[in-house]
Amino acid sequence: MVSSINDRRRAVLQTPISEHMISAEKVAHVQAGNYAGHALLVLTKSGYSAIPVLDSSFRLKGLISIGMITDAILGLERIEYERLDSIEVDSIMDGDLPEVYVHDPFEKGLDLLVNHTFLCVTEEDGTFAGILTRRVMLKEFKKYIYTTP
């Protein structure tokens with residue numbers, strides 16, 4: 001019995017991330033060169049705290065968050081909302097992201113999701129493919145727990 005549990009666990013951990021991710025078509029994003037005001041609107045409307053930043057070829061460039069935008073418009077005495085339409089997202093985004101590819105094993109995503117709420121997944125050429133979320137990871141874990149004899 002222990003052997004079959006370990007075999008099933010190993011099989012799930014080795015499945016490609018692409019089988020567990022939310023596809024790019026369903027993920028809100030902004031383009032590099034968009035202004036912070038547009039990014040703030042997309043973030044607010046989508047309900048996300050951070051979204052991917054893509055170039056014109058849909059390659060992943062980084063992440064932009066509400067916190068990054070707020071930091072960029074925070075003046076010494078007030079929040080300078082008028083700056084929202086003059087700051088480009090690429091100048092304030094986080095470009096230092098963990099690399100996760102569609103063909104990487106789910107186990108790699110699992111290891112990285114410990115420190116991130118979601119991971120941006122790309123094709124080998126950097127084209128944005130989607131995201132892997134902690135929610136998906138937890139659903140897989142729950143499914144494994146409740147279906148294991």
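Against which elements do the buried residues of H3 pack? In the predicted model described here, they pack against H2 and E4, and the paragraphs below place this arrangement within the rest of the protein. Residues are numbered from 1 along each chain as its sequence is written. Because the model is predicted, local features need pLDDT of at least 70 and side-chain atom pairs count only at pLDDT 80 or more, whereas totals for chains, interfaces and linings use all residues; side-chain values use heavy atoms, with hydrogens and water left out.

The protein contains five helices and six strands, where helices (H or I, at least four residues) and strands (E, at least two) are DSSP runs numbered from the N terminus. Read from the N terminus, the order of the elements is α-β-β-α-β-β-α-α-β-β-α. Taken along the principal axes, the C-alpha atoms fill a box of roughly 65 × 30 × 25 Å. Of the 149 residues, 36% count as buried, the term buried standing for under 20% relative accessible area, exposed for over 50% and partly exposed for values in between (1.4 Å probe, protein chains only). The accessible surface comes to about 9,000 Å², and 55% of this area belongs to carbon and sulfur atoms; accessible areas come from the Shrake-Rupley method with a 1.4 Å probe, and for residues only the protein chains shown count as cover. Among contacts (heavy atoms within 4.5 Å) between residues at least 6 apart in sequence, 56% join residues at least 24 apart.

Strand E3 (residues 50-54) runs parallel to E2, to which it is joined by two bridges, and glutamine 31 has leucine 54 of E3 as its bridge partner. Between E3 and E4 the pairing is antiparallel and extends over five bridges, with proline 52 partnered by leucine 63 in E4. The hairpin of E3 and E4 has five residues between the strands, and phenylalanine 58 there takes a positive phi near 65°. Strand E3 is mostly covered, five of its five residues being buried.

Alanine 39 lies in helix H2 and is buried, with a relative accessible area of 0%. When residues up to four places away in sequence are not counted, alanine 39 touches Val30, Ile51, Ile64, Ile69 and Val89. Alanine 39 and isoleucine 51 are 12 residues apart in sequence, and their C-alpha atoms are 8.5 Å apart in space. In helix H3 (residues 66-73), Ile69, Ala72 and Ile73 are buried. Seen down the axis of H3, the buried residues fall within an arc of 90° and so line one face of the helix, the arc being that of the directions from the helix axis to the C-beta atoms.

A further open sheet of three strands has the order E1-E6-E5, with antiparallel pairing. Here the edge strands are E1 (22-23) and E5 (118-122), each pairing on one side only. Strand E5 is joined to E6 (residues 128-133) by five antiparallel bridges, and valine 121 stands opposite glycine 130 in E6.

The structure holds four salt bridges, each defined as a side-chain nitrogen of Lys or Arg within 4 Å of a carboxyl oxygen of Asp or Glu. One of them joins lysine 61 to aspartate 55, with the closest N and O atoms 3.8 Å apart; lysine 61 is partly exposed at 38% relative accessibility, whereas aspartate 55 is buried, with a relative accessible area of 16%. Arginine 78, partly exposed at 46% relative accessibility, meets glutamate 82 in a salt bridge of 2.8 Å, N to O. Arginine 83 forms a salt bridge with glutamate 80, in which the closest N and O atoms are 3.8 Å apart; arginine 83 counts as partly exposed at 31% relative accessibility, and glutamate 80 counts as partly exposed at 22%.

Key:
Two strands pair if DSSP finds at least two bridges between them.
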